[in-house]
Amino acid sequence: LEVGGMLQVDVLFRPERAEDYDRDLVVIYGDGIEVAVALSGRAENIDVEFSQSEVPMNGTFIALSTQSSIVIHNRSDVPVDFSWRAFPTIEEEIGQKLKLQVQL
């Protein structure tokens, strides 16, 4: 960075839970010089609904498949990213992945 220059840093906020967050962002530059910048944010639940709470799957046979559909309604004014998880929390999912790695 040139003397007197500026640099824009984009910070992505992707909370796992609806709660308040306060953390420091530490920027290290030059010969190990550290500067801390206080960051704060709030994650809130929004109005997103599923068309059904369970997705029943009909029986099938080896080498065949079955499918079912579910509709996700985003009734908010905020775009929503989502993913399907095998466990109810990210902590449980990470724990299970670690157990599998140990078994290998």
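Visitor: What makes Trp84 count as exposed?

Guide: This is a predicted model, and in it Trp84 has a relative accessible area of 63%. Exposed means over 50%, so Trp84 is exposed.

Visitor: And why is Phe50 called partly exposed?

Guide: Phe50 comes out at 45% relative accessibility. Buried means under 20% and exposed means over 50%, with partly exposed in between, so Phe50 counts as partly exposed.

Visitor: What makes the rings of Phe50 and Trp84 a pair, and why is the pair tilted?

Guide: Take the distance, then the angle. The ring centres of Phe50 and Trp84 are 6.1 Å apart, and rings pair if their centres lie within 6.5 Å. The planes of the two rings are at 40 degrees; under 30 would be stacked and over 60 edge-to-face, so this pair is tilted.

Visitor: How do you know that the pair links distant parts of the chain?

Guide: Phe50 is in strand E3 and Trp84 is in the loop between E4 and H1, with the two 34 residues apart.

Visitor: How many aromatic pairs does a search of the whole structure find?

Guide: The search finds 2. One of them is Phe13 with Tyr21, at 5.5 Å centre to centre and 80 degrees between the planes.

Visitor: Why is the pair of Phe13 and Tyr21 called edge-to-face?

Guide: Planes over 60 degrees apart count as edge-to-face. The planes of Phe13 and Tyr21 have 80 degrees between them, hence the label edge-to-face.

Visitor: Which pocket do Phe13 and Tyr21 line?

Guide: Both are in the lining of the second largest pocket, along with others including Val11, Asp22, Arg23 and Leu39. Strands E1 (20–29) and E2 (33–42) each give two or more residues to that lining. The space in this pocket is about 200 Å³, and by class its lining has 5 nonpolar, 2 polar and 2 charged residues.

Visitor: How do you know that E1 and E2 pair?

Guide: Two strands pair if there are at least two bridges between them. E1 and E2 are joined by 10 bridges and run antiparallel. Among the bridge partners, Val26 goes with Ala36 in E2, and Asp24 goes with Ala38 in E2. The hairpin has 3 residues between the strands, and there Gly30 takes a positive phi near 60 degrees.

Visitor: What makes E2 hardly covered?

Guide: E2 has 10 residues, and the count of buried ones is 0.

Visitor: What volume does the largest pocket have, and which residues are closest to its centre?

Guide: Its volume is about 1,300 Å³. Of the 27 lining residues, Pro15, Glu16, Glu44, Val80 and Asp81 are the closest to the centre. Strand E3 (48–50), strand E4 (72–74) and helix H1 (90–103) each give two or more residues to the lining. By class, the lining has 15 nonpolar, 4 polar and 8 charged residues.

How values were computed: Residues numbered from 1 in each chain as written. Predicted model: local features only at pLDDT ≥ 70, side-chain atom pairs only at ≥ 80, totals over all residues. Heavy atoms only, no water. 1 Å grid on protein atoms, 1.4 Å probe; cavity = no way out; pocket = protein on both sides within 12 Å on 5 of 7 lines; lining within 4 Å. Points joined across faces, edges and corners; volume = space filled by probe spheres on them. Helix = DSSP H or I, 4+ residues; strand = E, 2+ residues; numbered from the N terminus. Nonpolar A, V, L, I, M, F, W, Y, C, P; charged D, E, K, R; others polar. Phe/Tyr/Trp six-rings, centres within 6.5 Å; stacked < 30°, edge-to-face > 60°. Buried < 20%, exposed > 50% of the residue type's maximum accessible area, 1.4 Å probe, protein only.
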